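Here are some notes to go with your first look at this chain. Have the structure open beside you as you read.

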Amino acid sequence: MKTTVKILSALLICFVFTSCDDDILDVDFDTTIKSTIVAHVNQGQETINESVDLSMDNNDTHDYLNKIKDVKIKKLTYKIISFSGNTEAYVDVDFYASTIILKTEGFNVKSAYDASTIFEVTDVRKLNSMADLLKNNKSIIVGISGQTTSDENDTSFNIEVTAELEVTANPL
């Protein structure tokens with residue numbers, strides 16, 4: 001009888017330990033990643049295509065980069081953070097991530113800068129596609145591409161891209 005109890009106990013312990021899910025060890029945390037697109041439009045230039053790498057590698061994620069199980073983009077925004085040059089410069093551009101066109105906007109660059117306009121991407125399907133690329137590649141190219149006018153003189157401006165993320169990783 002003691003042998004049967006020992007065997008059943010051993011089997012029960014084996015069952016408990018083998019049925020434990022790795023998900024119990026998952027770590028969920030929020031992080032924010034940022035990059036700056038540097039743009040320059042020469043006088044008379046008609047098109048623009050500028051991009052930057054938006055990387056998940058930061059203080060929050062560095063130790064988990066190869067263990068990330070899921071990424072969710074809670075909020076994705078971009079705004080003009082610096083401006084110099086032609087106050088009449090206008091752009092009509094696609095804001096993109098990899099091959100995904102996230103948003104199309106036309107605006108006077110100086111006005112958007114002066115007003116501290118924050119452009120937000122709200123299409124959940126596109127954000128989910130971008131999040132999948134971030135999860136798999138740990139970084140993604142984001143940028144602007146389209147038409148521009150700057151007839152009087154050159155224009156330079158910087159666009160800060162900010163992604164607020166929810167990350168799930170497993171430390172094992």
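1. One term before we start: a residue is called exposed when its relative accessible area is over 50%, buried when it is under 20%, and partly exposed in between. Also keep in mind that you are looking at a predicted model.

2. The overall layout first. The protein chain has 3 helices and 8 strands, and along the sequence they run in the order α-β-β-β-β-β-α-β-α-β-β. Of the 172 residues, 36% are buried. The accessible surface comes to about 9,900 Å², with 49% of it belonging to carbon and sulfur atoms. If you look at contacts between residues at least 6 apart in sequence, 81% of them join residues at least 24 apart.

3. Now to helix H3, residues 124-137. The buried residues here are Leu127, Met130, Ala131 and Leu134. Looking down the helix axis, you'll find those buried residues within an arc of 105 degrees, so they line one face of H3. As background, an α-helix has 3.6 residues a turn, so residues three or four places apart point the same way. On the face turned away from the buried side, H3 carries the exposed residues Arg125 and Asn136.

4. Just after the helix, lysine 138 has a positive phi of about 70 degrees.

5. Which strand holds threonine 148? Threonine 148 belongs to E7, which covers residues 139-149. With a relative accessible area of 3%, threonine 148 is below the 20% cut-off and therefore counts as buried. A polar atom of its side chain lies 3.2 Å from the backbone oxygen of tyrosine 90. Leaving aside residues up to four places away in sequence, threonine 148 touches Val41, Gln45, Glu46, Thr47, Ile48, Tyr90 and Val91.

6. Next, the salt bridges: how many are there? The count is 4. One of them pairs lysine 69 with aspartate 26, with the closest N and O atoms 3.1 Å apart. Lysine 69 lies in strand E3 (residues 68-85) and aspartate 26 in the loop between helix H1 (2-18) and strand E1 (27-41), so this pair ties together parts that are 43 residues apart in sequence. Lysine 69 is partly exposed at 35% relative accessibility, and aspartate 26 is partly exposed at 22%.

7. Another salt bridge joins the side chains of lysine 74 and aspartate 30, at 3.0 Å from N to O. This pair links distant parts of the chain, with lysine 74 in strand E3 and aspartate 30 in strand E1, 44 residues apart. Lysine 74 is partly exposed at 42%, and aspartate 30 is partly exposed at 46%.

8. Finally, have a look at helix H2, residues 109-114, where lysine 110 and aspartate 114 both sit. Their side chains form a salt bridge at 2.9 Å, N to O. The two residues are 4 apart, about one turn of the helix. Lysine 110 has a relative accessible area of 24%, so it counts as partly exposed; aspartate 114, at 48%, is partly exposed too.

Notes:
Residues are numbered from 1 along each chain as its sequence is written. This is a predicted model: local features need pLDDT of at least 70, side-chain atom pairs count only at pLDDT 80 or more; totals for chains, interfaces and linings use all residues. Side-chain values use heavy atoms; hydrogens and water are left out. Buried means under 20% relative accessible area, exposed over 50%, partly exposed in between (1.4 Å probe, protein chains only). A polar contact is a pair of N or O atoms within 3.5 Å; within protein, one must be able to donate a hydrogen and the other to accept it, and residues adjacent in sequence count only if both atoms are side-chain atoms. Contact means heavy atoms within 4.5 Å. The arc is that of the directions from the helix axis to the C-beta atoms. Accessible areas come from the Shrake-Rupley method with a 1.4 Å probe; for residues, only the protein chains shown count as cover.
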